[in-house]
Amino acid sequence: MALRPYIVGNWKMNGLRATLSEARAIDRVAARYPAVDVGIAPPFTLVHAMAEEAQAMAVGGQDVHAKPSGAFTGDISAPMLEDAGARFTIVGHSERRSLHGESDGDVQAKAVAARAAGLGVILCVGETEAERDAGQAEAVVSGQLHGSLPKEGAEGLAVAYEPVWAIGTGRVPSVEDVAAMHRAIRADLVAIYGDAGKGVRILYGGSVNAGNASELLGVADVGGALVGGASLTAESFAAIINAAAMLIEG
Ligand code: PGA
């Protein structure tokens with residue numbers, strides 16, 4: 001891995017205050033591996049408490065509103081996330097795109113707002129199974145990248161490639177398909193940002209677990225993982241962080 005590996009847990013709508021003990025344990029694992037960047041995106045209700053305690057890992061949001069404040073019932077803005085101690089946010093997760101109808105333009109506006117508030121951004125892209133079966137996976141992902149990446153520059157940006165059909169299903173693409181997609185995403189990043197596009201980490205996400213992390217993280221241009229289910233316990237998430245550390249140590 002040429003760039004620092006970035007292993008991020010997406011807790012989705014999981015986690016109560018009692019779960020903070022898992023986050024503490026994950027933070028201790030992160031402290032043991034200073035060469036790996038570790039993050040957790042808990043539900044908004046836990047961001048502040050988790051960020052107060054985190055020493056070695058970054059805490060982030062799972063989504064953010066594009067406006068800094070206003071009459072948007074139920075939404076959370078980037079300055080609010082930053083104020084609560086978040087250092088990054090996920091934007092454009094497929095569950096937001098499909099369940100909340102978020103367009104590429106919406107995702108781009110969120111990414112711009114997050115960076116304006118000083119937050120790192122993990123911008124998610126990925127094709128559906130029908131799109132892959134139709135041979136359109138790379139075209140779909142390329143369209144999402146061109147439509148949703150902020151145009152101002154690559155600073156603080158990571159991309160997560162998450163095939164929709166691999167999320168929460170236990171199915172993962174072949175190593176060859178992951179390699180081909182990450183190569184295509186890198187080419188798009190360089191087309192959009194020039195040389196700076198080479199420094200953007202491209203995470204793989206979708207059914208990453210302790211058993212497959214090493215193989216997936218070993219693929220060229222896979223700069224880390226965005227992990228759902230397997231990030232919920234320190235035990236399974238630690239194995240993924242460990243796999244990343246072993247790969248850089250060789
Ligand atoms: P999963 O979720 O690891 O449970 O498949 C990944 C994600 O949605 O980010």
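**Whole chain.** I kept in mind throughout that this is a predicted model. I began by counting elements, and the chain has 10 helices and eight strands. I then looked up the radius of gyration, which is 17 Å and close to the 18 Å that the globule rule gives for 250 residues, so the chain is as compact as a globular protein of that length. Along the principal axes, I found that the C-alpha atoms fill a box of roughly 45 × 45 × 35 Å. For burial, I noted that 50% of the 250 residues count as buried. Among the contacts with a separation of 6 or more, 73% come from residues 24 or more positions apart.

**Residue G105.** I next turned to G105, which I found in helix 5, a helix of residues 104–116.

**Helix 5 and helix 7.** Finally, I followed helix 5 to helix 7, residues 137–148, where the two axes come within 8 Å and cross at roughly 50°. At that angle the two helices are therefore oblique to each other, and helix 5 passes helix 7 in a right-handed crossing. On the helix 5 side I listed D104, G105, V107 and Q108, which meet G143, Q144, G147 and S148 in helix 7. The residues of this contact divide into one nonpolar, six polar and one charged.

Methods
Residues numbered from 1 in each chain as written. Predicted model: local features only at pLDDT ≥ 70, side-chain atom pairs only at ≥ 80, totals over all residues. Heavy atoms only, no water. Helix = DSSP H or I, 4+ residues; strand = E, 2+ residues; numbered from the N terminus. Axes fitted to C-alpha atoms, helices over the stretch in contact; angles between N-to-C directions. Parallel < 35°, antiparallel > 145°, perpendicular 65-115°, else oblique. Left-handed = near helix turned anticlockwise from the far one by under 90°. Contact = heavy atoms within 4.5 Å. Nonpolar A, V, L, I, M, F, W, Y, C, P; charged D, E, K, R; others polar. Rg over C-alpha atoms; globule rule 2.2 N^0.38 Å. Buried < 20%, exposed > 50% of the residue type's maximum accessible area, 1.4 Å probe, protein only.
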